[in-house]
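The sequence and structure come first, and the notes follow.

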Amino acid sequence: LKYLHENNIIHRDIKCLNLFIGKDGLIKIGDMGVSKIVSNLNALHCSKVGTPLYLAPELIKQIPYDYKVDIWSAGCSIYHISTLDPPFFGDNVIILGQNIIKGKIDIGKLSNYSSLIKNIICKMLSLKPSERPTADEIIKLIPIKIYEQFNNPSLPLEKKAGKSCKELIKNNINIEKLPLNNMQTINYKSN
């Protein structure tokens, strides 16, 4: 996502079905069919595209948007993968849209994850685009040992995502005390 945004590309359809894990363990983004190359990432755009479950509030409200719609969709995808449920749902598209605009997610479903992960997801799902982190800011929040392990091409996939990663998190890094680089910690309450 950082690469796309650095190259003035807004994907506009980040979702679980468009995320692929390569043999090297790297997550790759596919289906660039509705992507948009823009002259300026900060310029606002108006066309409405994407998958309803992952649409950012600004798209639902039909107001101009920028690359932060990808951050929202990535946050929805991470939540979905983590909980096996989308963060927002409704019996029809109208109710789904209303629930997205309300922006309330069930943090309790993330109870097995660290406060760092919960904080990142909540920031990515901020109703105000200006409060969402950039892809680069999200990367900077990942503990360096975990980042290096996942970016080591010589390590087999099962070592990257298996027991060794869990032990690394449990034994070598106190995630609860990591600095959040200008991102405030959020107090969580389950719905």
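## A buried arginine

The model is predicted. R12 sits in the loop that runs between β1 (9-10) and β2 (19-21). R12 is buried but has no salt bridge. D70 is the nearest side chain of opposite charge, and it is 7.1 Å away. The side chain of R12 does have a polar contact with the side chain of Y65, at 2.9 Å.

## Nonpolar cores

The largest nonpolar core has 21 residues, and the ones that touch the most other members are V69, W72, C76, F88, I105 and L125. Two or more residues come from each of α3 (68-83), α4 (93-102) and α5 (115-124). The most come from α3, which gives four.

Leaving aside residues up to four places away in sequence, L125 touches W72, G75, C76, P87 and I105. Another core lies apart from this one; it has nine residues, including A74, I120, M124 and I138.

## The covered helix α5

Helix α5 is mostly covered, with eight of its 10 residues buried. These are L116, K118, N119, I120, I121, C122, K123 and M124. Among the elements that cover the buried residues of α5 are α3 and α6 (135-141).

## Salt bridges

The model has six salt bridges. One of them joins K2 and E6, whose closest N and O atoms are 3.7 Å apart. K2 and E6 are four residues apart in helix α1 (residues 2-6), so about one helical turn separates them. K2 is partly exposed, because its relative accessible area is 29%, while E6 counts as exposed because its relative accessibility is 53%.

K2 also forms a salt bridge with D136, and here the closest N and O atoms are 3.2 Å apart. This pair links distant parts of the chain, since D136 is in helix α6 and K2 in helix α1, 134 residues apart. D136 has 25% relative accessibility and therefore counts as partly exposed. A network of salt bridges links K2, E6, D136 and K140.

## A buried pair

A further salt bridge is formed by R132 and E58, with the closest N and O atoms 2.8 Å apart. R132 lies in the loop between α5 and α6, and E58 lies in helix α2 (residues 57-60), so the pair ties together parts that are 74 residues apart in sequence. Both R132 and E58 are buried.

Methods: Residues are numbered from 1 along each chain as its sequence is written. This is a predicted model: local features need pLDDT of at least 70, side-chain atom pairs count only at pLDDT 80 or more; totals for chains, interfaces and linings use all residues. Side-chain values use heavy atoms; hydrogens and water are left out. A nonpolar core is a set of buried Ala, Val, Leu, Ile, Met, Phe, Trp, Tyr and Cys residues joined through side-chain atoms within 4.5 Å. Buried means under 20% relative accessible area, exposed over 50%, partly exposed in between (1.4 Å probe, protein chains only). Contact means heavy atoms within 4.5 Å. Lys and Arg count as positive and Asp and Glu as negative; His and the chain ends are not counted. A salt bridge is a side-chain nitrogen of Lys or Arg within 4 Å of a carboxyl oxygen of Asp or Glu. A polar contact is a pair of N or O atoms within 3.5 Å; within protein, one must be able to donate a hydrogen and the other to accept it, and residues adjacent in sequence count only if both atoms are side-chain atoms.
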